[in-house]
Amino acid sequence: MSVPMISFEAGEARLDWIALTEALAAGHRGPRAEIGDTFLYRGGDTLLSRAAWIDGMGIAVKTATIFPGNDGRETPVVNGGVNLYSDADGTLEAIVDFHLVTKWKTAGDSLMAARRLARADSRRILIVGAGAVARSLREAYGAGFPGAEFMVWNRTNAAAAALAAEYPDTRMVTDLEEAVAEADIVTCATMSTEPLILGEWLRPGTHLDLIGAFRPDMREADDRALQRARVFVDSRDTVLDHIGELKIPLAEGAIEAADVQADYYEFSAFQRGSDEEITLFKNGGGAHLDLMTARHVLERWSQG
């Protein structure tokens with residue numbers, strides 16, 4: 001039996017952001033995933049292997065290499081592969097392009113949270129970072145919040161300007177504090193190990209979306225941001241004890257585990273309480289989301 005290999009181009013042509021968020025929501029109404037993550041390090045380089053098994057949906061294994069030194073070269077910073085296995089007999093059902101799954105899973109994860117936590121009238125969106133993830137966020141948030149105006153901030157102005165030039169209603173900004181204070185939604189996709197977003201900058205009603213931190217030593221927002229906000233995560237299992245964004249403030253007593261309001265398996269609590277409150281979402285991007293996304297890709301691809 002031949003195993004389909006779904007390329008980036010073939011998958012991209014069949015996907016849309018809103019449908020993906022609905023598929024992710026449906027996946028979280030089923031059994032909680034069994035997950036296993038393995039991290040290996042060599043200096044600043046990371047080998048990340050993530051596996052998930054959802055009863056009734058199947059198995060996915062995704063292995064990623066993150067080599068920051070590739071930045072500026074022809075080779076991408078992140079590489080890897082995704083295998084999707086049958087729930088019924090464990091056979092390999094598909095090999096899905098790694099970058100396709102990563103792009104749509106990552107930005108779709110954040111968009112699903114924003115559709116529940118950001119104010120429905122959000123019209124000013126700040127993207128912090130200007131890499132590949134930032135571009136997918138511009139696409140995803142553009143689909144989820146049509147008519148919104150976008151700002152892009154990056155440590156390197158030229159990269160922010162280049163991203164902004166690719167999309168309508170998008171402009172580069174150079175003052176991060178001023179841009180955060182202006183935004184209804186702030187979405188961060190950086191490789192920072194030190195907080196870039198300060199809680200004192202956030203105005204009432206802001207939704208803060210944190211994506212970049214994936215290692216125990218990485219953070220994008222300071223303690224004050226977490227203390228001022230109602231905090232949500234995609235999965236308690238993959239975030240609280242593994243990613244510095246929450247692991248560090250939890251260990252230091254800046255916040256408590258009880259301060260995390262809900263994850264995606266608690267949809268009844270996964271919502272904004274008022275227009276004035278600040279909401280904060282940590283996108284941990286666990287393997288269960290890769291599985292849900294890869295399964296959605298295969299279903300869309302099979303439909304032709």
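1. The model is predicted: local features need pLDDT of at least 70, side-chain atom pairs count only at pLDDT 80 or more, and totals for chains, interfaces and linings use all residues. Residues are numbered from 1 along each chain as its sequence is written, and side-chain values use heavy atoms, without hydrogens or water.

2. Aspartate 184 sits in the loop between α6 (176–182) and β10 (185–188); helices (H or I, at least four residues) and strands (E, at least two) are DSSP runs, numbered from the N terminus. Aspartate 184 counts as buried because its relative accessibility is 3% (buried is under 20% relative accessible area, exposed over 50%, partly exposed in between; 1.4 Å probe, protein chains only). Leaving aside neighbours within four places in sequence, its contacts include Arg119, Arg203 and His207 (contact: heavy atoms within 4.5 Å).

3. Aspartate 169, in the loop between α5 (157–165) and β9 (170–172), has a positive phi of about 55° although it is not a glycine. At 55% relative accessibility, aspartate 169 counts as exposed.

4. The contact between α3 (residues 98–117) and α10 (residues 287–302) is a separate topic. Leu100, Val101, Trp104, Lys105 and Asp109 of α3 meet Leu289, Asp290, Thr293, Ala294 and Val297 of α10.

Conventions. Axes fitted to C-alpha atoms, helices over the stretch in contact; angles between N-to-C directions.
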